[in-house]
Amino acid sequence: MSKSRPDPYVYDVVVIGAGHAGIEAAVAAARMGCRTALLTLNADSVGQMSCNPAIGGVAKGQIVREIDALGGVMGLITDATGIQFRMLNRGKGPAMHSPRAQCDKKAYQFFAKHLVEQQVNLTLRQEMVEGIEAAGGKVQGVRVRGGAVYKARTVVVTTGTFLQALMHTGETKTEGGRAGDVSAVGLSGSLRELGFELRRFKTGTPPRLNGRTINFAVLEEQPGDETPVPFSFMNREILQTQLPCHITFTNPEVHDLIRQNIHRAPMYSGQIEGTGPRYCPSIEDKIVRFSDRPQHQIFLEPEGRLTCEYYCNGISTSLPRDVQEAIIPLIPGLEQAEIIRFGYAVEYDFAPPTQLDSSLQTKNIAGLYFAGQINGTTGYEEAGAQGIVAGINAARLALGLEPVVIDRAHAYIGVLIDDLVTRGVDEPYRMFTSRAEYRLQLRHDNADLRLTPLGRQIGLVDDARWSKYEQHAQRMDSLRHLVRTTRELGETLEQKLRRAETTWQDLTPLCPALEELLEDPSSAEQVLIEIRYSGYIARQDAQIEKFRRLENKYIPVELDYGTIPHLRKEASEKLGRVQPRSIGQAARISGISPADVATLLVYLKQGNRPDVPGKSSPNPVD
C-alpha cells in the first residue's frame, strides 16, 4: 500500500525568505524533525550574496564559527566555495583574530540551493507571501499571491531588504530589494495590521567592474593566507586554489567630483529618508564625514572563478550613473575600467527588534519569529545567526518544547540578540568585538567547545560532528594533562609555555608523547591560548559569574511595571516595552539607571520570587 502524500499546504514551520537567515532557519527546523516550507520570491536566488561575496571578518568570523558549531551550514558552504581565505588581526591578541573568506558568488548560491533541495523534511517553493494569518494572538500560517494559504504552527520571517523595497541610483527610483528582483509590497501592510511598528533603513552597494579592463600591474596585490583556516570544524584544510584581491585608493580629484555632485546623492537630496549603516558608509558619506582625508582605500575583490566581475569594496554609492562613470577612470588602475553594474542604495522596511523576546519570537503574535535584516541588522553573518536561533525556537515551539536562549557570556550570537531585543537599533546593526564584554572567552577557535554540546542537545549536531568534537575535546584534555604533569629541571611544560618565546616544537624533545597530540593544530592553539592568557581568562570567568547571578534573577512576564512604587515613569515605560526576562537584561536597557534596577530588585524580593522564571520566560542556556 503506497504512503499517502502529505498536504502541500500544511507544515510545522514556514520560513519566509531564502537568504542567509532563511536558509539557516529552515535547515535547522527540518533537521530537528519539523515539516518545514521555505518560501522565496525567486527560487533561483536562494543564498544569493546581494552585496560583497565575502563571509566573516572582524567579529563576523566568530559568528560564522558559532553557527557552524551549533550545526548550521554557513561555514560548510563557505569552505566549499571560498576563493580566498585570510585570518584578520593576526598581530593582535587571540580575541581579535577573525577569519574571513572571499567566495565565488554563484558557487555559493548554487551550493546553498542544492543543500536546501536535498534536506529531508524541507520543501522549497517559489511564492510571493502577502500576509501573515493569525487568530487569537497566535500565528496560523501565511497567505501568498493568488489566495493560497500555507497553514503552520510557527512562522519565521526573514525578508531581508525586500519589504516595501525601493532602489535609488541618483534621481532614478526603482521598486526592488536587489537589482533584478522585485519588492515585497503586501507583507508590510499585513504586519502593521497585526500591530507591528515598521521603520525605514537604507543600505548600499558599489559598482562592479569588468576585470579584463582593470590594470592590475599598478595595483597592490593582496594574496590569501598560505595555510588557510577553514570556517567549519568539520574541515581540517582548504584545498582549492586561492585568487588574489587587489588594493587601490581614491584621491582628491575623486573627492572633488563627488563634492560637486553631492546634491544629486539621494541621501543628501532628501530622496532617501531611511538611516544608513554608520560603519559601512557610502563613498559620498566618507567624503562628507572625513573631509580632511586625501584618500580612501578600495579593495578590488573577484566575484568568482568563472567571471571577470570585480566588487569595488569601499566605494558603495547611490550617485547617478553619469557621476559613477566619471569617478571610476580617476582611480589608479581603473583608468580604462568598464562598469558592469552600477552602484545603488536600497531603502526598506524593518521592524524595531524590541518587539521580540530573546527567543526571537514576537511579543504580539505567539509562534511568529523575525530574523535577519527585518530586525535592523546588516551582514550575512548576523542574519545567519538570527536565522538559526529563530529556526531552532520555531521548531521547539512546534514540538511543544521550551525555547533556547543563548546568553551574551556564551557567544557572539547571544550578544547580538541581546543587544537587539534589549537596546533596539537606531541605525543598521553590525557586530564588533567591542560589543562583547567577554570576548577573550568568545574566540573563533573555541566556538565548538562553547556551542557544540548545545547543538547536540537541540538535535542539530549529528553523530559524525559529535564524534569529531569528542576527539578534539579529548585531545585537548590530554595536552593539558601532559604539560601540567611533565617536568624538566623542576619546571612544568605549562610554566615553560607561559613564556612567549617558547613554542610547542621546543617541548617535543622533552616530551615525545606531545608529537601525536600536536598533529591537530587547532587543539594545540586552544591549549596554548588557555595557558598564556590564564590570568585574564580567570578574571573574565569571575565577571561572567557575576553576570550570570543577575541573569538568573528572573522577572515574571506578567509584571505590571506601572504598579511598582518609586519607579520612574520613564523607566516603567521602557521596562514595559522591552519586558526583560531577568534583572541582568533590565540593567542593560538604554536609559535604565542603577537606581531603577535597585527599585525593581526590592519590589521583586518583597514577594514576586525573582529566582523563578515567569510562565513564558525562556530559560537562559548555561
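Reply:

Ile-589 is buried, with a relative accessible area of 4%. The cut-off for buried is under 20% relative accessible area, so the 4% of Ile-589 places this residue in that class. All of this refers to a predicted model. Ile-589 belongs to the loop that lies between helix H20 (583-587) and helix H21 (594-605). Leaving out residues up to four places away in sequence, Ile-589 touches Thr-422, Lys-574, Leu-575, Val-578 and Pro-580. Ala-571 is 18 residues from Ile-589 in sequence, and the two C-alpha atoms are 9.3 Å apart in space.

**Thr-205 and its sheet**

Thr-205 also has 4% relative accessibility and counts as buried, but Thr-205 sits in a strand, S12 (residues 199-205). Its contacts, again without residues up to four places away in sequence, are Ser-50, Cys-51, Tyr-311, Ser-316, Thr-317, Gly-343 and Tyr-344. One of these contacts, Tyr-344, is also the residue in strand S19 that stands opposite Thr-205. S12 and S19 (residues 344-350) run antiparallel and are joined by 7 bridges.

The sheet to which S12 belongs is open, has 4 strands in the order S11-S10-S19-S12, and pairs in the antiparallel sense. S12 and strand S11 (172-175) are the edge strands; each has a single partner strand, so one side of each has no neighbour in the sheet. On average, neighbouring strands here are turned by 25° against each other, direction ignored. Strands of a sheet pair through backbone hydrogen bonds, and the pairing can be parallel or antiparallel.

**An antiparallel sheet of 3 strands**

Another open sheet consists of 3 strands in the order S3-S5-S4, with antiparallel pairing. Strand S3 (54-56) and strand S4 (82-88) form its edges, each pairing on one side only. Within S5, the residue opposite Gly-56 is Arg-100.

**Strand S1 and its parallel partners**

Strand S1 (residues 10-16) has 6 buried residues out of 7, so S1 is largely enclosed by the rest of the structure. Pairing here is in the parallel sense: S1 pairs with strand S9 (residues 149-157) over 6 bridges and with strand S2 (residues 36-40) over 4 bridges. Ile-16 stands opposite Val-157 in S9, while Val-13 has Thr-36 in S2 as its bridge partner.

**Helix H2**

Burial is also found in a helix. 11 of the 11 residues of H2 are buried, so this helix is largely enclosed by the rest of the structure. Charged side chains are included: among the buried residues of H2 are Lys-60, Arg-65, Glu-66 and Asp-68. The buried residues of H2 also include Ile-63, Val-64, Ile-67 and Leu-70. Gly-71 follows H2 and has a positive phi, near 110°.

**The second largest pocket**

H2 (60-70) is one of the helices that supply at least two residues each to the lining of the second largest pocket; the others are H12 (447-458), H13 (463-485), H15 (504-507) and H17 (521-532). The space in this pocket is about 1,100 Å³. Its lining has 42 residues, and those nearest its centre are Asp-520, Pro-521, Ser-522, Ala-524 and Glu-525. H17 gives the largest share of the lining, 8 residues. By class, the lining is made up of 16 nonpolar, 12 polar and 14 charged residues.

Leu-115 is 334 residues from Leu-449 along the chain, and their C-alpha atoms are separated by 26 Å.

Key: Residues are numbered from 1 along each chain as its sequence is written. This is a predicted model: local features need pLDDT of at least 70, side-chain atom pairs count only at pLDDT 80 or more; totals for chains, interfaces and linings use all residues. Side-chain values use heavy atoms; hydrogens and water are left out. Two strands pair if DSSP finds at least two bridges between them. On a 1 Å grid over the protein atoms alone, a cavity is a set of points where a 1.4 Å probe fits but cannot get out, and a pocket is an open set with protein on both sides within 12 Å along at least five of seven lines; lining residues have an atom within 4 Å of a point. Grid points are joined across faces, edges and corners, and a volume is the space filled by probe spheres set on the points. Buried means under 20% relative accessible area, exposed over 50%, partly exposed in between (1.4 Å probe, protein chains only). Contact means heavy atoms within 4.5 Å. Axes are lines fitted to C-alpha atoms, for helices over the stretch in contact, and angles run from 0 to 180 degrees between N-to-C directions.
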